[in-house]
Protein chains: 2
Amino acid sequence: MDLQRLYSANMKNMKRSAIRELLKLANKPGLISFAGGLPDPGVFPLEAISQITAEVLAQEGDTALQYGLTAGEPRLRRALAKWGAAQGLNLTEENVIVTTASQQGLELISKMFLDPGDIVIVELPSYLGGLNAFTSYRANLVSIPLDDEGMKVDLLSDKLKELQGQGKMPKFIYVVPDFQNPAGVTMSTERRRQLLDLCYQYDLPLVEDTPYRELRFEGQAPPDLLKMDDKGHVISLHTFSKILFPGMRLGWTIAPREIIDKLELAKQSMDLCTPSFTQALVRRYMERGLLEPQIERIIGVYRKKRDAMLGSLDAYMPKVPGIHWTRPKGGLFLWVTLPKGIDTQKMFAQAVDRDVAYVIGSAFCADGSGENSMRLNFSFPTEEEITEGIRRLAETVKENLA
Amino acid sequence: MDLQRLYSANMKNMKRSAIRELLKLANKPGLISFAGGLPDPGVFPLEAISQITAEVLAQEGDTALQYGLTAGEPRLRRALAKWGAAQGLNLTEENVIVTTASQQGLELISKMFLDPGDIVIVELPSYLGGLNAFTSYRANLVSIPLDDEGMKVDLLSDKLKELQGQGKMPKFIYVVPDFQNPAGVTMSTERRRQLLDLCYQYDLPLVEDTPYRELRFEGQAPPDLLKMDDKGHVISLHTFSKILFPGMRLGWTIAPREIIDKLELAKQSMDLCTPSFTQALVRRYMERGLLEPQIERIIGVYRKKRDAMLGSLDAYMPKVPGIHWTRPKGGLFLWVTLPKGIDTQKMFAQAVDRDVAYVIGSAFCADGSGENSMRLNFSFPTEEEITEGIRRLAETVKENLA
């Protein structure tokens with residue numbers, strides 16, 4: 001069968017990620033990987049989930065194993081609305097749709113808004129799963145650089161003016177405002193305000209993807225974009241993947257009612273509904289008040305790992321101009337920049353030779369830049385592995401400086 | 001925010017289903033519904049699942065609650081390949097991708113093949129979830145009528161010749177060959193052979209959606225299209241929703257390796273992976289040999305319900321020309337045709353007044369026909385409800401004949 005003739009233009013635009021090919025190299029015993037984005041399984045609340053599962057099957061098995069509603073189990077939607085309200089958000093369950101983790105939220109938003117060639121504004125660097133979802137609908141990604149306060153909103157302002165002049169307004173702006181993946185930075189309150197004002201000025205939706213927000217190790221959180229928004233422009237993506245576990249693929253999206261209705265419609269052909277079974281489990285877990293202490297536990301573990309990584313970078317990395325890294329106050333990742341001229345893709349094989357791995361920075365850069373940078377994950381490896389892995393990585397960098 | 005300006009052409013093409021609006025009417029106490037497509041929760045193996053969940057969390061909780069591979073948990077893929085091989089299929093685990101139930105398979109295939117305006121050949125009537133997935137990518141649906149032996153392949157042959165003449169070849173052909181939803185009919189072996197030959201002649205993929213195949217109450221099954229295909233044209237969609245339960249949203253697609261690779265790529269942005277947790281549960285359930293006896297149990301229950309429905313239709317329906325119904329040898333549904341001039345959509349309110357509901361036939365007909373037909377489900381109501389519900393329905397029909 002001649003398949004090339006049959007594939008859609010969308011399919012032809014999807015590419016196997018270069019990371020995957022690189023990471024195949026990293027699949028060797030003894031290697032310390034900072035490449036993944038996995039939570040630490042040591043914090044998974046196995047016993048509580050085991051007990052709750054037995055209860056769900058005994059008390060509501062008939063509905064938990066049955067088809068559910070496309071927008072989500074009503075009691076979970078209520079629990080999620082209550083959770084949001086406790087954080088100061090103004091919402092009801094009708095502003096919430098349960099998704100098969102927040103990746104599905106990204107796909108739904110892409111399908112809802114994007115025609116081929118449509119522009120999406122993204123951060124530079126940005127979350128790979130977001131970029132992939134947008135390009136799978138053949139969006140044209142326009143990148144705005146980050147600094148330690150998040151997206152450089154002055155550059156965004158210039159870009160929007162330019163695009164308007166060309167009659168090419170974007171469909172939406174996509175940001176990961178809290179402990180950004182991959183950069184680890186958090187958008188300041190002032191930038192958030194300016195970003196929202198630009199969205200109002202140009203009548204644009206703002207997609208806030210915030211899987212790590214609850215995992216703050218220190219300091220005061222700036223307000224959610226969703227909370228600051230009083231005009232209904234923000235679509236806010238959430239997930240249990242980092243604050244509980246990823247293995248049930250449960251997330252939720254908060255948005256104005258009209259947008260939730262459209263997401264529900266698009267979700268219907270996508271998977272009919274998210275599993276009723278796992279929704280019942282997590283709803284009970286929340287109702288029992290177990291989520292808050294679980295998040296505290298995760299914060300305690302990840303803070304120590306973050307400290308181990310920053311401490312090791314300070315201790316082992318060569319002190320030369322051009323080498324720096326972000327100092328995240330939460331989340332799972334930090335971002336290392338090396339002197340110009342060092343190509344982390346070329347360096348990757350050497351790192352793997354020294355039994356350490358990372359993700360190349362260019363993978364997160366929609367404009368193909370970032371060749372002298374890399375993302376490091378600190379949630380999955382142990383503190384000992386972090387120390388030893390950063391030592392190996394520093395050796396690799398020194399070799400490249402020489 | 002002016003959302004109409006922002007929605008994609010795909011989104012604008014998606015419509016809220018008329019059925020949903022009708023079924024809101026049916027949400028009243030005492031009403032007997034033949035409208036849904038729900039399995040009987042009385043057959044859900046709650047205790048076995050409860051026990052297996054405890055084992056999974058105790059023995060492999062770290063991986064079961066972690067991210068998994070996009071193509072599915074390797075051990076489940078192997079178990080599914082083994083299950084297929086036991087049914088005579090020639091496959092390995094690399095021909096299998098786990099999906100978030102078979103609805104996701106339909107979405108993935110749509111995204112993989114369909115550009116706006118592309119033609120998909122479907123049955124008349126056909127499965128609504130399939131039609132919705134295809135139209136959500138703005139496919140142009142071309143319907144070929146069914147009879148008691150399945151799709152009328154002679155009409156298909158004429159249509160393909162006509163389309164070829166117009167230079168508008170379809171992207172694929174979509175069939176539900178076994179105990180079709182909604183019609184309840186099964187495609188004969190001869191028709192299957194002819195259908196495959198047409199796919200070879202025109203170099204077209206054949207999408208076989210077969211959620212009910214295992215639920216055969218009597219007689220000999222014709223071979224799977226997948227099994228008959230020796231040229232790699234068939235993409236075969238499967239699900240645990242009807243042979244186990246729908247509440248974990250677990251399905252799988254079998255196809256040539258190249259197609260599985262593309263489905264995996266498209267799935268990555270859709271949900272990264274299907275829940276590891278539920279995959280581990282169902283894999284253990286299969287490995288323990290529990291699925292075969294479970295299917296036998298379901299067959300026993302549904303056969304009695306089918307018998308109750310056919311017996312009641314024979315007993316209560318008016319004996320006038322033009323009234324007939326299919327006599328399915330398995331599955332969950334049968335299809336009733338009323339004399340021309342009776343509009344089941346208009347009749348629906350009267351049926352609900354008599355406390356009985358169905359799905360209007362036109363909902364399943366891509367060409368808008370089917371106004372004098374309806375789909376009845378027999379898996380969910382009890383035998384007593386079936387008898388009483390068919391009595392009520394027959395009264396409603398008599399009222400309309402008068």
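## A lysine over a ring

B:K262 lies over the face of A:Y7, 5.1 Å from the centre of the ring. Here, then, a residue of chain B meets a ring of chain A. Bear in mind as you look around that this is a predicted model.

## How the two chains meet

How are the two chains related? A rotation of 180° with 0.0 Å of shift along its axis places chain A on chain B, with an RMSD of 0.0 Å. That is the relation of a two-fold axis. Both copies use the same surface, as 100% of the contact residues of chain A recur in chain B.

The contact draws 82 residues from chain A and 82 residues from chain B. The size of an interface is often given as the accessible area lost when the parts come together. For chain A and chain B the buried area is about 7,000 Å², with 59% of it on carbon and sulfur atoms.

## A buried cysteine

Is A:C273 buried or exposed? A:C273 has 1% relative accessibility and the cut-off for buried is under 20%, so A:C273 counts as buried.

Leaving aside residues up to four places away in sequence, A:C273 touches A:G68, A:L69, A:T70, A:K267 and B:R249. One of these neighbours, B:R249, belongs to chain B. A:D261 is twelve residues from A:C273 in sequence, and their C-alpha atoms are 14 Å apart.

## Aromatic pairs

Over all chains, the structure holds 21 aromatic pairs. One of them is A:Y212 with A:F333, an edge-to-face pair with 5.9 Å centre to centre and 85° between the planes. This pair links distant parts of the chain, 121 residues apart: A:Y212 is in the loop between β7 (206–209) and α9 (225–228) of chain A, while A:F333 is in strand β11 (residues 333–337) of chain A. Both A:Y212 and A:F333 are buried.

B:F134 lies in helix α6 (residues 128–135) of chain B and B:F172 in strand β6 (residues 172–175) of chain B, so the pair links parts of the chain that are 38 residues apart. B:F134 is buried, with a relative accessible area of 0%, and B:F172 counts as buried at 0% relative accessibility.

## A four-stranded sheet in chain B

In chain B, four strands form an open sheet in the order β10-β11-β14-β13, with antiparallel pairing. Which strands are at the edges? They are β10 (324–325) and β13 (359–360) of chain B, each pairing on one side only.

Two bridges join β10(B) to the antiparallel strand β11 (residues 333–337) of chain B. To find this pairing in the model, look for B:H324, which stands opposite B:T337 in β11(B).

Definitions and conventions. Residues numbered from 1 in each chain as written. Chains lettered and ligands numbered in written order. Predicted model: local features only at pLDDT ≥ 70, side-chain atom pairs only at ≥ 80, totals over all residues. Heavy atoms only, no water. Least-squares fit on C-alpha atoms with pLDDT ≥ 70 in both. Contact = heavy atoms within 4.5 Å. Buried < 20%, exposed > 50% of the residue type's maximum accessible area, 1.4 Å probe, protein only. Phe/Tyr/Trp six-rings, centres within 6.5 Å; stacked < 30°, edge-to-face > 60°. Lys NZ or Arg CZ within 6 Å of the ring centre and 35° of its normal. Pairing = 2+ DSSP bridges. Buried area = accessible area lost by both parts, 1.4 Å probe.
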